[in-house]
Amino acid sequence: MSLQPYVNKKVLILTADGRTLTGTLLSCDQLTNLVLGQTIERVIRPHDDPEPSVEVSHGLYLIRGENVAVCGLIDEELDGQIDWAKVRGGVIGGVKHV
């Protein structure tokens, strides 16, 4: 499946090492290398962690295709209603290549 329809739209990327990144997809190629603009990494803390979850700004960001596990569109209206500092959840594990 081509990611071309997602260009210039807000996407969420789950990486092979378990990171969650959001941003505007600026470019992609046949190897799924991605260029994101206005990139934010969401660090969701577990329930037993006293620190709040955080969003870390990275700006322009390149993700190599071999590190992309999932790419999907974000519902910007719904996303804007969520207070990400209050979100808690389990750690997303990385991709294991056998």
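Predicted model: local features only at pLDDT ≥ 70, side-chain atom pairs only at ≥ 80, totals over all residues.
Residues are numbered from 1 along each chain as its sequence is written, and side-chain values use heavy atoms, with hydrogens and water left out.

Five strands form an open sheet in the order β4-β3-β2-β1-β5, with antiparallel pairing. Strands here are DSSP runs of E of at least two residues, numbered from the N terminus, and two of them are said to pair if DSSP finds at least two bridges between them. The edges are taken by β4 (54–63) and β5 (68–73), each of which has a single partner strand, so one side of each is left without a neighbour in the sheet. From one strand to the next the twist averages 30°, where the axes are lines fitted to C-alpha atoms and angles run from 0 to 180 degrees between N-to-C directions.

Strand β1 (residues 10–15) is joined to β5 by five bridges, the two strands running antiparallel, and V11 has L73 of β5 as its bridge partner. Five bridges also join β1 to β2, again in an antiparallel arrangement. These two strands, β1 and β2, form a hairpin with four residues between them, and G18 in the turn has a positive phi of about 95°.

In a regular strand the side chains alternate between the two faces of the sheet. Buried means under 20% relative accessible area, exposed means over 50%, and partly exposed lies in between, for a 1.4 Å probe and protein chains only.

Positive phi values also occur in residues other than glycine. T32, with a phi of about 65°, lies in the loop between β2 (20–28) and β3 and is partly exposed at 29% relative accessibility. Q38, whose phi is near 50°, is found within strand β3 and is exposed, with a relative accessible area of 65%.

The largest pocket holds about 230 Å³ of space. A pocket is an open set of points on a 1 Å grid over the protein atoms alone, with protein on both sides within 12 Å along at least five of seven lines, and its lining residues have an atom within 4 Å of a point. Of the 13 residues that line the largest pocket, G18, R42, V43, I44 and I92 are the closest to its centre. Strand β3 (residues 34–43) gives the most to this lining, with three residues, and by class the lining has five nonpolar, four polar and four charged residues.

Finally, what of the cysteines? A search of the whole structure finds zero disulfides, a disulfide being a pair of cysteine sulfur atoms within 2.5 Å. The sulfur of C28 is 8.1 Å from the closest cysteine sulfur, in C71, which is too far for a bond. C28 is buried, with a relative accessible area of 15%, and C71 is buried as well, with a relative accessible area of 18%.

Key: 1 Å grid on protein atoms, 1.4 Å probe; cavity = no way out; pocket = protein on both sides within 12 Å on 5 of 7 lines; lining within 4 Å. Points joined across faces, edges and corners; volume = space filled by probe spheres on them. Nonpolar A, V, L, I, M, F, W, Y, C, P; charged D, E, K, R; others polar.
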